[in-house]
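Subject: A structure for you to explore

Hi there,

Here is the structure I promised to pass on. Please open it next to this email and follow along as you read.

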Amino acid sequence: MRPIRFAVALTLCVAAMTAANAHARGRYLELVNRAHDSVVAVAIADAGQSAFRDAALGESLLGGGGSATIELDGEACLRDFRVAFRDGRSQLYRGIDVCRRQRLQLRPFPREREAGAMARE
């Protein structure tokens, strides 16, 4: 085999293995909890689907800026996140593009009077 052909074949093999390893490693997302209460659970589904899967969060994610990194399975870029807080409330974050974003900031709940004003609008 000529040296140039060998070099091209070797380069193609290395590129294919690198792509396979990147695919096998999966995708990760950093959650930053800007809410006031601790997060106790996170579930993830492909956008618009109802089949949520629990994410491995480990221990509670403290409010006020605590962060954790979670691994995402599957190939879908658009995901829905259901976040459960210690006080029993939950928030749904729809259509998050995890291919373009590596971080999701969880927002605080609106104050009671702000929530009432928003409901009347």
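Of the 121 residues in the chain, 25% are buried; buried means under 20% relative accessible area, exposed means over 50%, and partly exposed is in between (1.4 Å probe, protein chains only). Before you go further, please note that this is a predicted model, in which local features need pLDDT of at least 70 and side-chain atom pairs count only at pLDDT 80 or more, while totals for chains, interfaces and linings use all residues. Residues are numbered from 1 along each chain as its sequence is written, and side-chain values use heavy atoms, with hydrogens and water left out.

**The overall layout**

The chain has 2 helices and 7 strands, and along the sequence they follow the pattern α-β-β-β-β-β-β-β-α. Helices (H or I, at least four residues) and strands (E, at least two) are DSSP runs, numbered from the N terminus. The chain exposes about 8500 Å², and 53% of that comes from carbon and sulfur atoms; accessible areas come from the Shrake-Rupley method with a 1.4 Å probe, and for residues only the protein chains shown count as cover. Taking contacts between residues at least 6 apart in sequence, 59% join residues at least 24 apart, where contact means heavy atoms within 4.5 Å.

**The sheet**

In what order do the 4 strands of the open sheet come? The order is β3-β2-β5-β6, with antiparallel pairing. Two strands count as paired if DSSP finds at least two bridges between them. β3 (53–54) and β6 are the edge strands, each pairing on one side only.

β2 and β5 pair over 7 bridges in the antiparallel sense, and Val39 has Phe85 in β5 as its bridge partner. β5 and β6, also antiparallel, are joined by 6 bridges. Here Val83 is partnered by Gln91 in β6, and Arg82 stands opposite Leu92. β5 and β6 form a hairpin with 4 residues between them, and Gly88 in the turn has a positive phi of about 100°.

**The core**

In soluble globular proteins, nonpolar side chains tend to be buried together. A nonpolar core is a set of buried Ala, Val, Leu, Ile, Met, Phe, Trp, Tyr and Cys residues joined through side-chain atoms within 4.5 Å. The largest one here has 20 residues, and those with the most contacts inside it are Leu29, Leu31, Val39, Val42, Ile70, Phe81 and Leu104. The elements that give two or more residues to this core are β1 (27–33), β2 (39–46), β4 (66–72), β5 (78–85), β6 (90–97) and β7 (103–106).

**The disulfide**

Which cysteines does the disulfide join? Cys77 is linked to Cys99, with 1.8 Å from S to S; a disulfide is a pair of cysteine sulfur atoms within 2.5 Å. Cys77 lies in the loop between β4 and β5 and Cys99 in the loop between β6 and β7, so the pair ties together parts that are 22 residues apart in sequence. The link of Cys77 and Cys99 is left-handed, with -80° about the S-S bond. Cys77 is partly exposed at 32% relative accessibility, and Cys99 is partly exposed at 32% as well.

**Two residues to look at**

Setting aside neighbours within four places in sequence, Gln91 is in contact with several residues, including Phe81, Phe85 and Phe109.

Arg103 sits in strand β7 and is partly exposed, with a relative accessible area of 44%. Arg103 and Glu30 are 73 residues apart in sequence, yet their C-alpha atoms are 4.6 Å apart in space. Their side chains are joined by a polar contact of 3.1 Å. Not counting residues up to four places away in sequence, Arg103 touches Leu29, Glu30 and Val32.

Enjoy exploring!

Best wishes

Notes
Polar contact = N/O pair within 3.5 Å; in protein donor to acceptor, adjacent residues only side chain to side chain.
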